[in-house]
Each structure stands twice: as C-alpha cells, then as structure tokens.
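Here's a quick tour of a protein chain and the ligand that goes with it. Take a look at the picture, then read on.

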Amino acid sequence: MRIGIIGAGHVGGTLARLLAKHGHEILIANSRGPQTLVDLVDDLVGAGGRAVTAEEAAQGGDLVIVSVPFGRYAELPVAGTADKTVIDTTNYYPERDGHLPELDRDETTSSELVQAHLRDAYVIKTFNTMYWEHLRDFGRQSSAQFRYALPVSGDDERAKRTVFDLVELLGFDPVDVGMLATGGRRQQPGTPVYGADLTAAQLRDRLGLPAPWGVPTPPGGVGSVRRG
Ligand SMILES: NC(=O)c1ccc[n+]([C@@H]2O[C@H](COP(=O)([O-])OP(=O)(O)OC[C@H]3O[C@@H](n4cnc5c(N)ncnc54)[C@H](OP(=O)(O)O)[C@@H]3O)[C@@H](O)[C@H]2O)c1
C-alpha cells in the first residue's frame, strides 16, 4: 500500500520506518518541506519511500497517517482525503496546542475535530497511546507469548478493519474501543490506558470492556505513564 504520512517527528518517523520495513511505500511530509527530510528518507528508500509536501502525502497515499501536534490539525490538507482511511495519532495537550474550549469542556474529542476538518475521510484513532520508543521497539510476532495492544476507535467499520491489519502488521494487538466519540474518550490523555503498555486483555479490563467470548480476564496490567 502507498501510505501518506503527515508529520515526520517521533511518531510519524517511527511509523514510516516500521511500515517501510514491511514493504509499504511511504510518502512523508513535515511542515518545513521535503528537503529537510533527507536523513529519514535514506531509511525508506528500499521500499520506494520519499519526502513530499503535506498536500502530496494527502493526495498520493491510499491511506493517510496524521501525526502532527494536535494544535496544527486545521492546517492539514483536505484535498485528496475523501473516502480514504486517515489514522489520527494526535493528542490534545492544551499547554502545547493552545486551549480549545470545546475540548476543555469535554463537548467533543480531538479526533472528532480532525474528522470534521477532513470531512469526507474515515478517521480512525490509534498509535496515540504508546510512547514512540515503545511503538518502535515493542512490536512482536503473533506467535510471541504475549503482545502489547493498541486501542483503535473510529466510526467506519471497513476503515477500522484496514487499520486493525496495520496494527497487527506492526506487531500489536488491535482492540476496538468504540466510535470516535466514545472510543476517542477512552484512549485520550488521562485515561487508564494512555501511556500504559498493556496486553489486549489488560487494556479491556482497564476500560471495563467485556472480554471476547472464551478469553479469561487477566490480572491488572502495569505500565509507565508518559506524555506523548
Ligand atoms: N511522542 C510520543 O511518544 C507520542 C506518542 C503517541 C502520540 N503522540 C502524538 O502524535 C503527534 C505527533 O507527536 P510527535 O512526538 O511525533 O511530534 P514531533 O516529534 O514534534 O513531530 C511533529 C511533526 O509534525 C510536523 N508538522 C507540524 N505541523 C505540520 C503541518 N502543518 N504540516 C505538516 N507537518 C507538520 C513537524 O514538522 P516540522 O518539524 O517541519 O515542523 C514534525 O515533523 C502529537 O499529536 C502527539 O501528541 C506522540
């Protein structure tokens, strides 16, 4: 798949390298222009990766990943995102992003604002809860004794399924935590799963979600809490 990534920092750069390693073609963009991404692109060349503008990443990706500071979301290009799955890794940190009264009053969620901006895309929130170095290092094969899990929320089932496959590919168990409004609230900063490295069963347990049929409830998970 050709994946457009907007935001080439800790998370965007990490996802670019991991996805390129698994054979995906990466179009990656930052705010300063493709000429500033020479080092990162060296790591993506094997899979045909290249640095582009944000507009080109949005237009050219079959799927688009948004990994910018949340306060910049309104700058994301809309053109080219219609009918595409867009993964939102962003988190709202008012001290970094500026205060948004509707978020401070919990009237909506950051991912719903991204969805409203990219109005015809299918926004799916994931990769936002795990510290970027853990995202880089903690992926494991499905045959491993246990894997860490990542919460996934979104309103479109087909887009969610596509994202489940990508999460799996990178070595994590995807856990469906609901739609953007409910699930987004379950996985945002300050929740019991945010910044915690958990198995799927532990993650469901912390959120009070029922275990899938036949899966025993585990002991509580442990994990470090970090800002991301
Ligand atoms: N750090 C973590 O462990 C972590 C974990 C999970 C989720 N998150 C969330 O994921 C998002 C990205 O975090 P990060 O740590 O990767 O941030 P970061 O290292 O600061 O990188 C941000 C990237 O976004 C780019 N950017 C900013 N505005 C842009 C725009 N208008 N168009 C295109 N690119 C733009 C920056 O480009 P320039 O450098 O050229 O400005 C930079 O490449 C944040 O919302 C964060 O809260 C972070």
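How many helices and strands does the secondary structure of the chain come to? The tally is ten helices and eight strands. Keep in mind that you're looking at a predicted model.

**Overall shape**
- The C-alpha trace spans about 50 × 45 × 30 Å along the principal axes of the chain.
- The chain has a radius of gyration of 17 Å, and because a compact globule with 228 residues would come out near 17 Å, the two agree.

**Where the ligand sits**
- You'll find the ligand in the largest pocket.
- There are 25 residues around the ligand, and the ones that come nearest are Ala-8, Val-11, Ser-31, Arg-32 and Glu-75.

- Gly-9 uses its backbone here: one of its polar backbone atoms is 3.3 Å from an oxygen atom of the ligand.
- With Thr-89, it's a polar side-chain atom that lies 3.3 Å from a ligand oxygen.
- Arg-72 has an N or O atom in its side chain 3.4 Å from a nitrogen atom of the ligand.
- On its own, the ligand has 910 Å² of accessible area, and the protein covers 85% of that.

Note on methods
Residues numbered from 1 in each chain as written. Predicted model: local features only at pLDDT ≥ 70, side-chain atom pairs only at ≥ 80, totals over all residues. Heavy atoms only, no water. Near = heavy atom within 4 Å. Polar contact = N/O pair within 3.5 Å; in protein donor to acceptor, adjacent residues only side chain to side chain. Areas by Shrake-Rupley, 256 points an atom, 1.4 Å probe, with all protein chains shown as cover. 1 Å grid on protein atoms, 1.4 Å probe; cavity = no way out; pocket = protein on both sides within 12 Å on 5 of 7 lines; lining within 4 Å. Sits in = over half its atoms within 2 Å of the grid points. Helix = DSSP H or I, 4+ residues; strand = E, 2+ residues; numbered from the N terminus. Rg over C-alpha atoms; globule rule 2.2 N^0.38 Å.
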